[in-house]
Amino acid sequence: MLKKSALILCVAGGVFSSRVHAQQLLTLKQAIQTALTNYGTIRAKEAYVNASKASVRQSVNDYLPDFNLSAQQDYGTVNGLNGPAYGYRGLNTAASGPALTHQNWNAAFGALYLANVSWDFFSFGKAREKIRVAQSVLTRDESDLVQERFQHEVKVAGAYLNLLAAQRLLRSWQNNLERATSLREVVVQRALNGLIAGVDSSQANAELSSARIALTKARDAEQEQSNILARLMGVPAQPFSLDTVFITRIPSSAYDSVAIQEHPILKYYQSRITLSNQQAKYYRTSSLPTFSVFGLVQGRGSGFDWNYGQLNQNLENYSSNYWDGVQSMRGNYLLGLGMIWNLTTPLRVKHQVSAQHFVSEALKEEYNLADQQLKAQLVLADNRMKNALDNYREAPIQVKSASDAYVQKDVLYKNGLSNIVEVTQALYIVNRSETDRDIAYTNVWQALLLKAAASGNFDLFLQEF
């Protein structure tokens, strides 16, 4: 039910590795702007907003009077017959002629010209409520666009940080490969000179092969993250060179306290409630009468003379000439005031309004659930930031200690005072400490992004760049 807000949890996704390619630097702001311009879902919702704007203008114009012009020219007979008839679904003709004692096939032209104006000038707020419904739809679609843009900004920023971490991890694995290569060269040279056992070179080869495999896996994961970022940006898949300046510092807003204020997701849910309530008001007005004013001007022509068929005589007083039949011979005007009220409509509308109220209640429950989850995510973001900062402070200590230990073991091994197992163990600890450092640095920014996503204030994150 909370599909939209649940996407916020994706910002702290897994960390992967990659290779940095020499190309133009892509900043986070550039990535976000490109994504907002190109991404298909956002472009689609922008089109929905434009459609809703057009619907508002159309609902306003619906209140204008109807002004109709009509003209028709016919050719046919005018035999009449006494008796009742009902034009069921319009299946009838309007032949105004005498009721003769017998059928005849005299035919002439006839014409009808009509100008009509009618205006439902008062309907107890029905037109006004219809306009308000259209405006509420527009507000909902605009809120939907805003929250979609917000969530996409969060997703792009998360993908950017994941790819950046992947590239830093790749560098660590490349350093690990270089250390394993250097160690193997030393081991092989000493084994060839008979200074150590040959089995040491086999273990060094195994470590080198393991480092190569790990680097390949890291590169594969980096390419996957690069592909994700490209999809979110709406551009072809390609390698990216990212901005790394900010990653080794603590964001200035890491310690700031934030709260949920005007969250785009909550505003979207609130707009749905407002729309539902407005629809209920509109349904209620449809059970009330409508008052109309109308007027018309009419001209009519006929090829049959005024005394045609009177007392079954003068049947020759008609003309089949076209012009005699289509020119206007008689005119009329009419002004009127009308009211229409379907007395059974309130019985139907009552249940329709009741159903819409239940829809509003359901939407309120969804709003409350979204609010609860966002508050819980905000607490989670604060805890994650605290833990990330603790790891951020510990990471350099771990890297320095592991590097010193590796240098010590490497020197001892070269002087025959240590064995290959101790050296490879130190090598593993160095690599682990470097990857922990890269992850710790990135997790601080991931935590800040999660805080921005939960609070609905993306500027909290973006202002750091």
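In what order do the 4 strands of the open sheet stand, and is the pairing parallel or antiparallel? The order is E2-E3-E5-E6, and the pairing is antiparallel. This is a predicted model, in which local features need pLDDT of at least 70, side-chain atom pairs count only at pLDDT 80 or more, and totals for chains, interfaces and linings use all residues. Residues are numbered from 1 along each chain as its sequence is written, and side-chain values use heavy atoms, with hydrogens and water left out.

**The open sheet**

- Strand E2 (66-76) and strand E6 (330-340) are at the edges with a single partner strand each, so one side of each has no neighbour in the sheet.
- On average, neighbouring strands of this sheet are turned by 15° against each other, direction ignored (axes are lines fitted to C-alpha atoms).
- Two strands count as paired if DSSP finds at least two bridges between them.
- E3 and E5 run antiparallel and are joined by 11 bridges; here Ala111 stands opposite Gly301 in E5.
- E5 and E6 also pair in the antiparallel sense, over 11 bridges.
- Arg300 stands opposite Arg330 in E6, and Phe291 stands opposite Met339 in E6.

**The whole protein**

- The protein has 10 helices and 6 strands (DSSP runs of H or I with at least four residues, and of E with at least two, numbered from the N terminus).
- Its radius of gyration is 41 Å, well over the 23 Å that the globule rule gives for 465 residues, so the protein is more spread out than a compact globule (the radius is taken over C-alpha atoms, and the rule is 2.2 Å times the number of residues to the power 0.38).
- Along the principal axes, the C-alpha atoms fill a box of roughly 140 × 45 × 35 Å.

**The second largest pocket**

- This pocket holds about 270 Å³ of space (a pocket is an open set of points on a 1 Å grid where a 1.4 Å probe fits, with protein on both sides within 12 Å along at least five of seven lines; lining residues have an atom within 4 Å of a point).
- Its lining has 16 residues, and Asp62, Tyr63, Asp120, Ser123 and Ala127 lie nearest its centre.
- Domain 1 (28-63 + 123-289 + 343-463) and domain 2 (70-81 + 95-122 + 293-340) both give residues to the lining, so the pocket lies between them (bounds come from an automatic or database domain assignment).

Definitions and conventions. Points joined across faces, edges and corners; volume = space filled by probe spheres on them. Axes fitted to C-alpha atoms, helices over the stretch in contact; angles between N-to-C directions.
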